[in-house]
Amino acid sequence: MQPRNMSMSGVVDLAAVKAAQEAKAKAEQARAEAARQGGGGAVSPADLVIDVDEASFEHDVLQRSAEVPVVIDFWAEWCQPCKQLSPVLERLAVEYNGRFLLAKIDVDANQMLMQQFGVQGIPAVFAVVAGQALPLFQGAAGEAQIRQTLDQLVQVAEQRFGLTGLTVDPDAEPGGAVTHEKPEGPHDALLDAAVRALDAGDLAGAIQAYRNVLSDDPANPEAKLGLAQAELLQRVQGVDPQLARREAAEKPADAQAQITAADLDLVGGHVEDAFGRLIDTVRRTAGDDRDAVRLRLLELFEVVGAEDPRVAAARRALARALF
């Protein structure tokens with residue numbers, strides 16, 4: 001398994017959007033298959049922390065990541081910081097009550113896994129969500145930072161992949177349970193239609209499907225995120241990046257030129273460049289142009305996600321530019 005990074009702060013390029021949608025579809029298929037095979041029981045608190053090696057990694061991490069976020073703790077017996085961090089992670093795994101599964105990997109006994117994840121030093125903590133790996137942090141982080149990271153992880157897992165975690169029963173026997181299947185929601189058919197449209201390159205169809213969900217459920221987080229991403233991708237279709245960037249460089253006060261360039265920045269993954277470009281343009285413009293730039297910036301905030309610290313910083317910068 002070759003891990004891949006997945007940003008928890010918003011998917012901002014076409015390849016990442018497609019990968020996220022495909023991973024979600026695979027997660028839903030895995031939950032359906034588990035249900036057909038009689039899965040769905042509760043786990044005991046002892047089942048929330050497991051030891052994983054190279055032989056069990058495929059089943060205990062990759063397959064289970066289609067049902068619950070799996071946090072991986074790379075550790076070793078000789079590592080003193082590991083002895084500080086691991087008990088905190090184990091306690092939080094129980095406290096989070098099944099929102100994530102903690103997999104402990106001894107690097108001395110599992111060198112191949114350490115190399116595949118590109119671990120440079122320990123302790124190192126990664127997560128796998130719907131088969132996608134992402135780094136969380138390295139070193140003995142403070143508990144407040146760990147909690148913030150875990151909160152973001154479980155939010156992303158639920159909103160983008162439908163992973164609601166494990167059902168935990170304190171009276172359940174250890175080792176005798178699997179995760180529960182997420183109940184089908186009232187808008188799942190429309191959201192699935194949007195995913196299929198994205199897979200087919202039908203951005204207009206995906207946009208309409210997401211709007212249909214939002215017309216009935218305006219606060220639906222998956223539809224809001226999907227719509228913002230699909231609309232961004234639709235806007236940059238057919239745009240000549242070199243021409244657009246040259247025009248933006250030559251016309252720093254041209255609101256539309258800067259808006260187009262900011263869209264391209266975000267699609268390319270240059271989040272701070274996109275935000276900074278539009279905030280600078282807010283300072284240079286007035287009236288309808290300024291309002292158009294401000295509104296586009298708010299739309300890009302939706303694409304990245306309110307929990308991203310870059311969004312919070314940009315909101316503060318926008319407020320200073322406006323007032």
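Which residue just after α3 takes a positive phi? N97 does, with a phi of about 55°.

1. Basis. This is a predicted model, in which local features need pLDDT of at least 70, side-chain atom pairs count only at pLDDT 80 or more, and totals for chains, interfaces and linings use all residues. Residues are numbered from 1 along each chain as its sequence is written, and side-chain values use heavy atoms, with hydrogens and water left out.

2. Overall content. The chain has 13 helices and 5 strands; these are DSSP runs numbered from the N terminus, helices being H or I of at least four residues and strands E of at least two. Of the 323 residues, 49% are buried (buried is under 20% relative accessible area, exposed over 50%, partly exposed in between, with a 1.4 Å probe and protein chains only). Among contacts with a separation of 6 or more, 73% are between residues 24 or more positions apart; contact means heavy atoms within 4.5 Å. The accessible surface of the chain is about 15200 Å², and carbon and sulfur atoms hold 49% of that surface (Shrake-Rupley method, 1.4 Å probe; for residues, only the protein chains shown count as cover).

3. Helix α3. This helix covers residues 80–95, and its 16 residues should span 22 Å at 1.5 Å a residue; the end C-alpha atoms are 24 Å apart, which agrees. The expected span is 1.5 Å times one less than the number of residues.

4. Burial of α3. The buried residues in α3 are C82, L85, S86, V88, L89, L92 and A93. An α-helix has 3.6 residues a turn, so residues three or four places apart point the same way. The cover over the buried residues of α3 includes the strands β1 (49–51), β2 (70–75), β3 (101–106), β4 (124–129) and β5 (132–138), together with helix α5 (143–161).

5. Disulfide. The count is 1 disulfide, taken as a pair of cysteine sulfur atoms within 2.5 Å. It joins C79 to C82, with an S to S distance of 2.4 Å. The link of C79 and C82 is right-handed, with 80° about the S-S bond. C79 counts as buried because its relative accessibility is 3%, and C82 counts as buried at 2%.

6. E158. This residue lies in helix α5 and is partly exposed, with a relative accessible area of 36%. Not counting residues up to four places away in sequence, E158 touches R99, L163 and T164.
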